Amino acid sequence: MVSIEPIELQGHMFTAVTVRLPKTTLLTVSNENGYIMCGALDVGLLNSKLADRKIIAGRAIGVRTIDELLKAPLESVTYEAEKLGIIKGTIGEEALLKMI
């Protein structure tokens, strides 16, 4: 099952997507500039093979819901996210607000 819902953070709109798969759930929260995602995100790939795309993204591990993703510290972030001040340990919601 796939669910898509709008989320408002401090007056700014984001899109939350939950994809329920066998034995795992994929979670993302995004806007037009970037996104945070569950542990399925391969930050290394984004930083190396897809570096020319300048993707702003962060990954949190051990999360099972959108609410947990918003409250979790990011385990890794892309180089482009770092340019916005989003570093390892930044809370998901804080990272999204820096992507505005």
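User: Start with the turn between β2 and β3: what do they form, and which residue there has a positive phi?
Analyst: β2 and β3 form a hairpin with 2 residues between them, and K23 in the turn has a positive phi of about 70°. Strands here are DSSP runs of E with at least two residues, helices are runs of H or I with at least four, and both are numbered from the N terminus.
User: Before we go on, what sort of model is it, and how do you count things?
Analyst: This is a predicted model, where local features need pLDDT of at least 70 and side-chain atom pairs count only at pLDDT 80 or more, while totals for chains, interfaces and linings use all residues. Residues are numbered from 1 along each chain as its sequence is written, and side-chain values use heavy atoms, with hydrogens and water left out.
User: Ok, how do β2 and β3 pair?
Analyst: In the antiparallel sense, over 7 bridges. T18 stands opposite L27 in β3. Two strands count as paired if DSSP finds at least two bridges between them.
User: And what about β1 and β2, which way do they run?
Analyst: Antiparallel, with 8 bridges joining β1 to β2, residues 12-21. V2 stands opposite V19 in β2, and P6 stands opposite T15. β1 and β2 form a hairpin as well, with 2 residues between them, and Q10 in the turn has a positive phi of about 50°.
User: What's the strand order in the sheet?
Analyst: β1-β2-β3-β4-β5-β6, an open sheet of 6 strands with mixed pairing. β1 (2-9) and β6 (76-77) stand at the edges with a single partner strand each, so one side of each has no neighbour in the sheet.
User: Switching to the inside: how many residues are in the largest nonpolar core?
Analyst: 30, and V29, I36, L70 and L96 have the most contacts inside it. A nonpolar core is a set of buried Ala, Val, Leu, Ile, Met, Phe, Trp, Tyr and Cys residues joined through side-chain atoms within 4.5 Å. Among the elements that each supply at least two residues are β3 (24-30), α2 (66-71) and α4 (92-98).
User: What does V29 touch?
Analyst: Not counting residues up to four places away in sequence, its contacts (heavy atoms within 4.5 Å) include F14, I36, I66, L70 and L96.
User: Where's N31, by the way?
Analyst: In the loop between β3 and β4.
User: Buried or exposed?
Analyst: N31 counts as buried, at 15% relative accessibility. Buried means under 20% relative accessible area, exposed over 50% and partly exposed in between, using a 1.4 Å probe and protein chains only.
User: What is its side chain doing?
Analyst: A polar atom of the N31 side chain lies 2.8 Å from the backbone nitrogen of N33 and one lies 3.0 Å from that of G34. Leaving aside neighbours within four places in sequence, N31 is in contact with M13, F14, L96, M99 and I100.
User: Last topic: how many salt bridges?
Analyst: 3, counting a side-chain nitrogen of Lys or Arg within 4 Å of a carboxyl oxygen of Asp or Glu. E75 pairs with R59, the closest N and O atoms being 2.8 Å apart. That pair links distant parts of the chain, with E75 in the loop between α2 and β6 and R59 in β5, 16 residues apart.
User: And the one between D67 and K71, how far apart are the closest N and O atoms?
Analyst: 3.1 Å. D67 and K71 are separated by about one helical turn, because they are 4 residues apart in helix α2.
User: Which residue does E80 bridge to?
Analyst: K83, with the closest N and O atoms 3.0 Å apart. E80 is buried at 18% relative accessible area, whereas K83 is exposed at 61%.

Technical notes
A polar contact is a pair of N or O atoms within 3.5 Å; within protein, one must be able to donate a hydrogen and the other to accept it, and residues adjacent in sequence count only if both atoms are side-chain atoms.
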